[in-house]
Amino acid sequence: MAAPFVPSYSGDPSHGGRGFSLQRVLTFPFGNDWFTTLLCQLDFQKFVTSIKKDTPSELSLLQRIRRHLCDKSFFAIGVCSELLLTTNDTLFVGYEAHGDREMARKKAVFHHKFPHHNLTMEAVWPGLFMDKHGTYWDIPFSMAIDLASVNGDSGASYHLCMQHTSGSAEQFEANQTVQLPAALAPGLCLKSAFSFKKNMDIWRSQGKKLKLVQPYDIFLSNPHVSTSGIIGAVFTTLIGEKSASLQVEDEPPQHYKCFNLRALAMKSCFLADLFASLSFTAQHGNFQRLALDLTRFHVRLDFPSGSKFLSAAGRLAQDLYNSQQPTLEAVEAVCPHATFSLQQQIAGPFSFRVDSALDVKLRNKQWQIKLDEPVIAIEYALQVLGSAKAIAWYAPKHQEFMVELRFFET
């Protein structure tokens, strides 16, 4: 499982990406309660391109390589350390720096386990966040306190979160061409969510597995058809510039909004909404035989705004009752956000997997359905610890490639 370098690809350098790079991870254990990890990265593609662009000189190739290796702009370093303070308390600190950037990223996380809750306190300066459109933002300082209930696969749960951000956010490595999300504006955000989840097996195989043959992945060894559903409510209070940014961010009147109360004098806003999610999973095969012993399909439908869905559904029902042509905006508003995953064994421990969202648009009364942010991967089951895999994945939209290890992924 050891590898001297891990390859990575993150976009064309001519379009702001780092291209092909090599990473090396070193781990330094200090006893049983403390370990530190060092990540070193070389922007190999930019390094080679820079050498090729060198003007002819009396220096040999080896001397030019040595000179470029002294240029810190081709390197990045990441250091993280985790300390187990007690059996229930963990402290994590991290530091990340790139040679071609003046600003380094720092992060500190404290985690405490209660009998039925998890408490997490986190501070990042500066922080890197991604909005729903896939745009990255730099936040000078962000601090969050999160309390989440711990329960089983089914049942009720709740989540309480407080986040404070300060400083003016800037779009990461791009021009300021899109609007700043209200959640990333300076100010205080208080959020609470309550949900109920129910899992149900429609069918689960009772057949016997092959004797004396270990499954390639224990989590993928039981053929079944199952479904699950989540319904809940979220309440959000925005204080400061976050509430002012929300007013600018509001959609036009023909769209459908959640319930909200505003207090302009105190620069605060209260929002409430419902959400729901439905998922369906079907698997064939035990992932034991040499070929075609695993076919797995998973689809999830998300309804992020219950008020938007209900108001649009009511509008559609009213139009149909009055024999009027439904508006395209109302039809789009009732369509859930759909994501799917398909995995197929190729041979032995190798399998092919694709994950993607579905983007549905209505234009001139025609349905336009396309894949949104697909991720294509080849997985290799390692048959260690019951469930471990090496994955090489590629995201065409973001032009990102990575080889990584994953453990106990369900």
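The cover over the buried residues of helix α4 includes β16 (268–284) and α5 (328–334), where buried denotes under 20% relative accessible area and exposed over 50% (1.4 Å probe, protein chains only). The model is predicted, with local features requiring pLDDT of at least 70 and side-chain atom pairs counted only at pLDDT 80 or more, while totals for chains, interfaces and linings use all residues. Residues are numbered from 1 along each chain as its sequence is written, and side-chain values use heavy atoms, without hydrogens and water.

Helix α4 (residues 306–321) comprises 16 residues and spans 22 Å from its first C-alpha to its last, close to the 22 Å expected at 1.5 Å a residue, the expected span being 1.5 Å times one less than the number of residues. Gly 306, Ala 312, Leu 316 and Asp 319 of α4 are buried. They cover an arc of only 160° around the axis and therefore lie on the same side of α4; the arc is taken from the directions from the helix axis to the C-beta atoms. Leu 310 and Tyr 321 are exposed on the face turned away from the buried side of α4. Ser 323, which follows α4, has a positive phi near 60°.

The chain contains five helices and 22 strands, defined as DSSP runs (helices H or I, at least four residues; strands E, at least two) numbered from the N terminus. An open antiparallel sheet is formed by three strands in the order β8-β9-β12. β8 (127–130) and β12 (170–171) are the edge strands, each with a single partner, so one side of each has no neighbour in the sheet.

Methods:
Pairing = 2+ DSSP bridges. Contact = heavy atoms within 4.5 Å.
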